Amino acid sequence: MTKKSMHCGQCGGEDIMRDAWATWDVTSQTWVLGELFDYAFCADCEADATIVERSLDHLPEAASCA
């Protein structure tokens with residue numbers, strides 16, 4: 001799987017948020033993501049954001065403990 005990070009298209013910051021709906025799952029007793037919306041906000045530049053994806057393929061895989 002290709003690893004990626006999400007960044008603000010304006011300032012390049014990584015502290016971005018998306019609007020979403022979550023629904024309560026009685027069986028798992030957790031909130032489950034139901035829908036993800038287009039609106040994004042960057043806390044770094046405190047403005048609406050366009051999300052830019054960046055590949056992290058250049059980073060080494062994390063070693064697993066056996």
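# Close-up views of an all-strand chain

View 1. Helices here are DSSP runs of H or I with at least four residues, strands are runs of E with at least two, and both are numbered from the N terminus. Going along the sequence, the pattern reads β-β-β-β-β. A word on where this comes from: it is a predicted model, in which local features need pLDDT of at least 70 and side-chain atom pairs count only at pLDDT 80 or more, while totals for chains, interfaces and linings use all residues. Residues are numbered from 1 along each chain as its sequence is written, and side-chain values use heavy atoms, with hydrogens and water left out. The chain has 66 residues, and 12% of them count as buried (buried is under 20% relative accessible area, exposed is over 50%, and partly exposed is in between, with a 1.4 Å probe and protein chains only). Its accessible surface is about 5,500 Å², with 54% of that belonging to carbon and sulfur atoms; the areas come from the Shrake-Rupley method with a 1.4 Å probe, and for residues only the protein chains shown count as cover. Take the contacts between residues at least 6 apart in sequence: 52% of them join residues at least 24 apart. Contact means heavy atoms within 4.5 Å.

**View 2. Three strands line up as β2-β3-β4 in an open sheet.** The pairing in this sheet is antiparallel. β2 and β4 (47-48) sit at the edges with a single partner strand each, so one side of each has no neighbour in the sheet. Strands count as paired if DSSP finds at least two bridges between them. β3 (residues 30-42) and β4 pair over 2 bridges, and C42 has A47 as its bridge partner in β4. What holds such strands to each other? Strands of a sheet pair through backbone hydrogen bonds, either parallel or antiparallel.

**View 3. The largest nonpolar core has 5 residues.** They are C8, I16, A40, C42 and A49. To count as a nonpolar core, buried Ala, Val, Leu, Ile, Met, Phe, Trp, Tyr and Cys residues must be joined through side-chain atoms within 4.5 Å. Look at A49: leaving out residues up to four places away in sequence, A49 touches C8, A40, F41 and C42.

**View 4. The structure holds 2 aromatic pairs, and here is W21 with F37.** Rings of Phe, Tyr and Trp (its six-membered ring) pair if their centres lie within 6.5 Å; planes under 30 degrees apart are called stacked, over 60 edge-to-face, and the rest tilted. W21 and F37 are edge-to-face, 5.0 Å centre to centre with 80 degrees between the planes. W21 belongs to strand β2 and F37 to strand β3, so this pair ties together parts that are 16 residues apart in sequence. W21 is exposed at 57% relative accessibility, whereas F37 is partly exposed at 29%.

**View 5. W24 and W31 form an edge-to-face aromatic pair too.** Their rings are 5.3 Å apart, centre to centre, and the planes make 70 degrees. W24 is partly exposed, with a relative accessible area of 40%, and W31 is exposed, at 59%.

**View 6. H7 sits in strand β1 with polar partners around its side chain.** Is H7 buried or exposed? At 5% relative accessibility, H7 counts as buried. A polar atom of the H7 side chain lies 3.1 Å from the backbone oxygen of G12, and the H7 side chain also makes a polar contact with the side chain of R54, at 3.5 Å. (A polar contact is a pair of N or O atoms within 3.5 Å; within protein, one must be able to donate a hydrogen and the other to accept it, and residues adjacent in sequence count only if both atoms are side-chain atoms.) Neighbours within four places aside, H7 is in contact with G12, G13, E14, I16, T50, I51, V52 and R54.

**View 7. S5 is another residue of strand β1.** The S5 side chain makes a polar contact of 2.7 Å with the side chain of H7. S5 counts as buried, at 11% relative accessibility. Beyond four places in sequence, S5 is in contact with V52, E53, R54 and L56.

**View 8. G9 lies in the loop between β1 (4-8) and β2 (16-25).** G9 is partly exposed, with a relative accessible area of 46%. Not counting residues up to four places away, G9 touches T50 and V52.
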